[in-house]
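Visitor: I would like to learn how to read charged pairs in a protein model. Where do we begin?

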Amino acid sequence: QVQLVESGGGLVQAGDSLRLSCAASGRTFRRYAVGWFRQAPGKEREFVVYITWNVGFKKYADPVLGRFTISRDDAKNTVYLQMNSRKPEETAVYYCAADPSGYVGRWSSVGAGHLEVWGQGTLVTVSS
């Protein structure tokens, strides 16, 4: 069973950068697709980005395209989310998720409920 722990959240100024980490336990992690979601106060959870385990396919949500970068280091069982040019409206709890399936329909705001494993989340606050 894979377990996930996010870290790297905190307070940043608008325009600054921040990198989140998602550390996984479990020897099968390298066969899991991994991604990030976020939930802002009073809003529903939304998809941010995910990466598959085999060919490293990546899909980004339009609002973060060009500013966020996901990467994975399977030797360290860790996935990273580099976030640049942060915006105040992106203040949210960021969650890491993992699932054996890399099916794009599962990795969406609608399909997220089917994902197998979730971390506890890390709060990112972007001040204006």
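Guide: Begin with arginine 67. At 12% relative accessibility, arginine 67 counts as buried. Buried means under 20% relative accessible area, exposed means over 50%, and partly exposed lies in between (1.4 Å probe, protein chains only).

Visitor: What should I know about the model itself?

Guide: The model is predicted: local features need pLDDT of at least 70, side-chain atom pairs count only at pLDDT 80 or more, and totals for chains, interfaces and linings use all residues. Residues are numbered from 1 along each chain as its sequence is written, and side-chain values use heavy atoms, with hydrogens and water left out.

Visitor: What counts as a salt bridge, and how many are found in the whole structure?

Guide: A side-chain nitrogen of Lys or Arg must lie within 4 Å of a carboxyl oxygen of Asp or Glu. The search finds 6 salt bridges.

Visitor: Which residue meets arginine 67 in a salt bridge?

Guide: Glutamate 90 does, at 2.4 Å from N to O. Glutamate 90 sits in the loop between S8 and S9, arginine 67 in the loop between strand S6 (58-60) and strand S7 (68-73), 23 residues apart. Strands (E, at least two residues) are DSSP runs, numbered from the N terminus.

Visitor: Is glutamate 90 buried or exposed?

Guide: Buried, at 3% relative accessible area. Glutamate 90 also pairs with arginine 38, with the closest N and O atoms 3.3 Å apart. Arginine 38 lies in strand S4 (residues 33-39), so this pair ties together parts 52 residues apart in sequence. Arginine 38 is buried too, at 6%.

How values were computed. Helix = DSSP H or I, 4+ residues; strand = E, 2+ residues; numbered from the N terminus.
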